[in-house]
Amino acid sequence: MSDKYNFNIFPLFSDVVTTTTLKCDDKKILKSLKKLKYVKREGSISKEVNCLISKNYNVLDSLPILKGEIHKGLKLYIKGLMKQDTGFKITTSWATQTKPKAYSNSHQHANSWLSAVYYPEGDVNFKIRFHCPKPQLWLDHCNEYNIYNSKTYDIKADKNMLDNFSKHISS
Ligand SMILES: [Fe+2]
C-alpha cells in the first residue's frame, strides 16, 4: 500500500454539526437581545470565563421571525439530513453574552436531544468550539489534526449563522 489514500473512507456513526445562514434582520434581533435582562452564568468566576445568560428561557417567543427560521433550520437537520419522520418543538431558548477576550465554559444542553446556536453578528474572533464526545484512545499521537481525529473543532461565527448539533456534543 502506498502512502497515498487508496481506500474508501466511511465516517461511520459520526456526530454531525451543521451551519447555515438564516434570512433574518440581524440588527433588529440584536437590538431586541440587548434589551433582555442577564445574569452571570454558573461558572463565570474569572475575567476569562465571563458569560452572562438571559433570565428569560423562552426568548424566541418574542422573536417569531427568528423562531420560524430556526425551526426551518432544525427541520432541515432532522427530516432532511437525518431522515427522521418525527415532529418536534423548540422547548427552551435563551441568549448569552460573552465579554470581549472572554469565553464561556464548555457544557452540554442536557434538556434536549438537538441544539441550535444562532449568532446575529460575525467576527473573526467569534468562535464556537465543539468537543469530541468519544473516548480519547490514541489521539495524543497525532502529527496533524483533521476532521476525523480532532478532540475539539472551532467554527467561526458569521452573521446570521445557525449551528445545529446533537445533545451529547459539548460546546
Ligand atoms: Fe450552550
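Visitor: What should I know about the model and its numbering before we start?

Guide: The model is predicted, with local features needing pLDDT of at least 70 and side-chain atom pairs counting only at pLDDT 80 or more, while totals for chains, interfaces and linings use all residues. Residues are numbered from 1 along each chain as its sequence is written.

Visitor: What makes up the secondary structure of the protein chain?

Guide: Helices (H or I, at least four residues) and strands (E, at least two) are DSSP runs, numbered from the N terminus. By that rule the protein chain has two helices and eight strands, and from the N terminus on their order is β-α-β-β-α-β-β-β-β-β.

Visitor: How do you know that the span of helix H2 agrees with its number of residues?

Guide: The expected span of a helix is 1.5 Å times one less than its number of residues. Helix H2, residues 64-81, has 18 residues and should therefore span 26 Å, and its end C-alpha atoms are 24 Å apart, which agrees. After H2 comes Lys83, whose phi is positive, near 55°.

Visitor: Why is Phe165 called buried?

Guide: A residue is buried if 20 or more other C-beta atoms lie within 10 Å of its own, exposed if 12 or fewer, and partly exposed in between, with C-beta atoms placed from the backbone. Phe165 has 22 C-beta neighbours inside 10 Å, and therefore counts as buried. Phe165 has its place in strand E8, and buried residues make up 11% of the 171 residues in the protein chain.

Visitor: Which residues is Phe165 in contact with, leaving aside its neighbours within four places in sequence?

Guide: Two residues are in contact if their C-beta atoms, placed from the backbone, lie within 7 Å. With those neighbours left aside, Phe165 is in contact with Val17, Ser115 and Phe130. Phe165 and Val17 are 148 residues apart in sequence, yet they are 4.8 Å apart in space, C-alpha to C-alpha.

Visitor: Why are E1 and E5 said to stand at the edges of their sheet?

Guide: Two strands pair if DSSP finds at least two bridges between them. Three strands form an open sheet in the order E1-E8-E5, with antiparallel pairing. E1 and E5 each have a single partner strand, so one side of each is left without a neighbour in the sheet. E1 and E8 pair over four bridges in the antiparallel sense, and Asp163 in E8 is the bridge partner of Thr19.

Visitor: Where does H2 lie, and which of its residues are buried?

Guide: H2 lies across E1, E5 and E8, running at about 135° to E5, where axes are lines fitted to C-alpha atoms, for helices over the stretch in contact, and angles run from 0 to 180 degrees between N-to-C directions. In H2, Leu66, Glu69, Ile70, Gly73 and Tyr77 are buried, and what covers the buried residues of H2 includes E1, helix H1, E5 and E8.

Visitor: What makes the nine residues of the largest nonpolar core a core?

Guide: A nonpolar core is a set of buried Ala, Val, Leu, Ile, Met, Phe, Trp, Tyr and Cys residues joined through C-beta atoms within 7 Å. The largest such set has nine residues, including Leu66, Ile70, Tyr119 and Met161. The elements that give two or more residues to this core are H2, E5 and E8.
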